[in-house]
Amino acid sequence: MVVERLFLSPSRGEAQRECRQLELLAGQGVVGDRHFARADWSGQQLTLVEAEEIERFCTHTGRPNDLSLTRRNVVTRGARLNELVGRQFRLGSCLLVGVQTCEPCRTLGQRLANEALSAPEVVKYWLGRGGLRANVLVSGTITCGDELKLIEVHEDAA
């Protein structure tokens with residue numbers, strides 16, 4: 001389970017910038033990203049998506065592979081992100097908690113629609129595959145190549 005690509009988007013509608021490293025602040029998110037220090041919805045601090053799901057979509061629609069197309073901050077490989085909802089995990093020096101799945105929105109549908117797939121079909125395709133929304137519990141950095149490490153919570157035996 002590894003971080004393959006990192007992105008941030010400084011403002012709404014602006015092209016994403018690929019980064020080698022992201023700085024995250026606890027309770028605020030990705031420094032420099034358009035969602036930094038906002039709390040409009042749960043899990044707005046960081047978004048993650050599986051590279052395998054993006055590649056599957058590109059193959060399904062005949063597009064060239066483009067790991068930036070979902071506009072998520074972190075693209076992972078080898079991690080089943082839906083399984084991290086409610087779980088704490090480490091990426092780089094950051095401690096994160098999976099808040100909820102990152103389901104597709106109408107904007108994603110419109111942006112990825114083409115002659116092969118309408119906007120509503122794009123949204124339907126990405127249901128359950130859109131990635132994960134996470135909150136930052138401990139500030140730090142995430143770098144390409146970092147491994148995702150699940151935090152195991154051990155309960156004391158009574």
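# A guided look at a predicted protein model

Guide: From the N terminus on, the elements of this protein run β-β-β-β-β-α-β-β-β-α-α-β-β-β. This is a predicted model, where local features need pLDDT of at least 70 and side-chain atom pairs count only at pLDDT 80 or more, while totals for chains, interfaces and linings use all residues. Residues are numbered from 1 along each chain as its sequence is written, and side-chain values use heavy atoms, with hydrogens and water left out.

Visitor: What makes something a helix or a strand here, and how many of each are there?

Guide: Both are DSSP runs numbered from the N terminus: a helix is H or I with at least four residues, a strand is E with at least two. The protein has three helices and 11 strands.

Visitor: How do you know whether the radius of gyration agrees with that of a compact globule?

Guide: The radius is taken over C-alpha atoms, and the globule rule is 2.2 Å times the number of residues to the power 0.38. For 158 residues the rule gives a value near 15 Å, and the protein has 16 Å, so the two agree. The C-alpha atoms fill a box of roughly 60 × 35 × 30 Å along the principal axes.

Visitor: What makes a residue buried, and how do you know where threonine 76 falls?

Guide: Buried means under 20% relative accessible area, exposed means over 50%, and partly exposed is in between (1.4 Å probe, protein chains only). Threonine 76 has a relative accessible area of 1%, so it counts as buried. Its place is in strand S6. Across the protein, 42% of the 158 residues count as buried.

Visitor: What does threonine 76 touch?

Guide: Contact means heavy atoms within 4.5 Å. Not counting residues up to four places away in sequence, threonine 76 touches Val2, Glu4, Leu48, Val49, Glu50, Ala51, Glu52 and Leu81.

Visitor: What makes arginine 87 and glutamate 152 a salt bridge?

Guide: Their closest N and O atoms are 3.8 Å apart, and the cut-off is 4 Å, so the pair counts. Arginine 87 lies in the loop between S6 and S7 and glutamate 152 in the segment after strand S11 (148–150), so parts that are 65 residues apart in sequence are tied together. Salt bridges that share partners also join Glu50, Glu53, Arg56 and Arg80 into one network. By this rule the count comes to nine salt bridges.

Visitor: What lies around aspartate 33, then?

Guide: Leaving aside neighbours within four places in sequence, aspartate 33 is in contact with Leu8, Ser9, Pro10 and Asn73. The backbone nitrogen of serine 9 lies 2.9 Å from a polar atom of the aspartate 33 side chain.

Visitor: What makes alanine 37 worth a stop?

Guide: Most residues other than glycine have a negative phi. Alanine 37 has a positive phi of about 60° although it is not a glycine. Alanine 37 lies in the loop between S4 and S5, and at 47% relative accessible area it is partly exposed.

Visitor: How do you know whether arginine 71 is buried or exposed?

Guide: Its relative accessible area is 19%, and the cut-off is under 20%, so arginine 71 counts as buried. Arginine 71 also has a positive phi, near 65°.

Definitions and conventions: A polar contact is a pair of N or O atoms within 3.5 Å; within protein, one must be able to donate a hydrogen and the other to accept it, and residues adjacent in sequence count only if both atoms are side-chain atoms. A salt bridge is a side-chain nitrogen of Lys or Arg within 4 Å of a carboxyl oxygen of Asp or Glu.
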